[in-house]
Amino acid sequence: MKDTFKHKGMRQQLVETIVKKGIKDKAVLEAIGKIPRHLFMDSGFLDHAYVDKAFPIAADQTISQPYTVAFQTELLQIKPGDKVLEIGTGSGYQCAVLIELGAKVYSIERQQELFKKTSKFLPKIGYRAKKIIFGDGYKGLPKEAPFDSIIVTAGAPFVPKPLLSQLAIGGRLVIPVGDDVQIMTVFIRKGPKEFEKHEFGEFRFVPLLEDKN
Ligand code: SAH
């Protein structure tokens with residue numbers, strides 16, 4: 001599977017679509033315009049790769065909608081060199097966007113099948129995360145904390161405390177909170193025990209699951 005001029009053209013249209021929906025950050029738009037999203041999807045869905053929609057990947061999970069990926073990434077306000085933790089590696093697409101922005105990415109996935117597939121696939125197309133971890137995102141990654149930012153890419157029924165405590169001062173946690181529908185929420189760590197909270201409207205994600213099945 002290759003990246004062709006046709007794919008590049010379709011990607012530019014996708015970028016225009018998400019600009020119309022309100023995404024402004026140039027670096028984020030450039031990343032979406034550059035990353036071959038079709039390579040992150042199963043062959044049956046290739047025609048849909050550049051439509052602004054979520055699609056199924058392995059293990060009953062989804063690759064998030066490009067607008068949602070862009071929206072969450074914009075909220076993270078990544079600077080090159082930032083240490084970023086992602087919860088829910090999934091297809092690796094969001095991880096690639098973070099790497100494109102110059103972040104050092106640690107990403108946790110709880111489904112073994114996806115963990116194996118994506119940790120092989122990303123370096124194959126040139127995206128090197130610092131580490132992809134098979135484990136439970138509710139716990140975060142205390143060994144590598146603090147993080148400049150943390151992004152949760154599944155719907156969290158509540159805000160896991162370890163994620164707040166693993167933020168650097170000034171750091172941001174971007175997390176969709178809720179059961180059936182989630183409110184995109186940003187926590188900014190202002191001090192050891194002080195957090196500022198901002199809410200950004202409704203989204204729908206697959207659930208952040210607690211127990212491994
Ligand atoms: N960022 C992904 C989105 C994947 S959907 C992408 O760009 O494709 C959400 C992912 O979160 C799924 O892969 C799911 O298996 C994973 N997930 C769910 N609960 C989790 C948990 N407790 N810890 C880590 N990953 C989890």
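UniProt, in an unreviewed entry, puts an "active site" at S64; its positions follow the numbering used here, feature names are shortened, and annotations may be inferred rather than shown by experiment. Keep in mind that this is a predicted model, where local features need pLDDT of at least 70, side-chain atom pairs count only at pLDDT 80 or more, and totals for chains, interfaces and linings use all residues. Residues are numbered from 1 along each chain as its sequence is written, and side-chain values use heavy atoms, with hydrogens and water left out.

S64 sits in the loop between β2 (62-63) and α3 (66-76); helices (H or I, at least four residues) and strands (E, at least two) are DSSP runs numbered from the N terminus. Skipping neighbours within four places in sequence, S64 touches R37, K53, A54, V69 and F205 (contact: heavy atoms within 4.5 Å). R37 also lies over the face of Y93, 5.7 Å from the ring centre (NZ of Lys or CZ of Arg within 6 Å of the centre and within 35 degrees of the ring normal).

Now the rings. The whole structure holds 9 aromatic pairs, meaning Phe, Tyr or Trp (six-membered ring) centres within 6.5 Å, with planes under 30 degrees apart stacked, over 60 edge-to-face and the rest tilted.

Y67 and F203 are stacked because their planes are at 15 degrees, with centres 6.5 Å apart. Since Y67 is in helix α3 and F203 in strand β9 (residues 195-203), this pair ties together parts 136 residues apart in sequence. Ring pairs join Y67, F71, F200 and F203 into a cluster.
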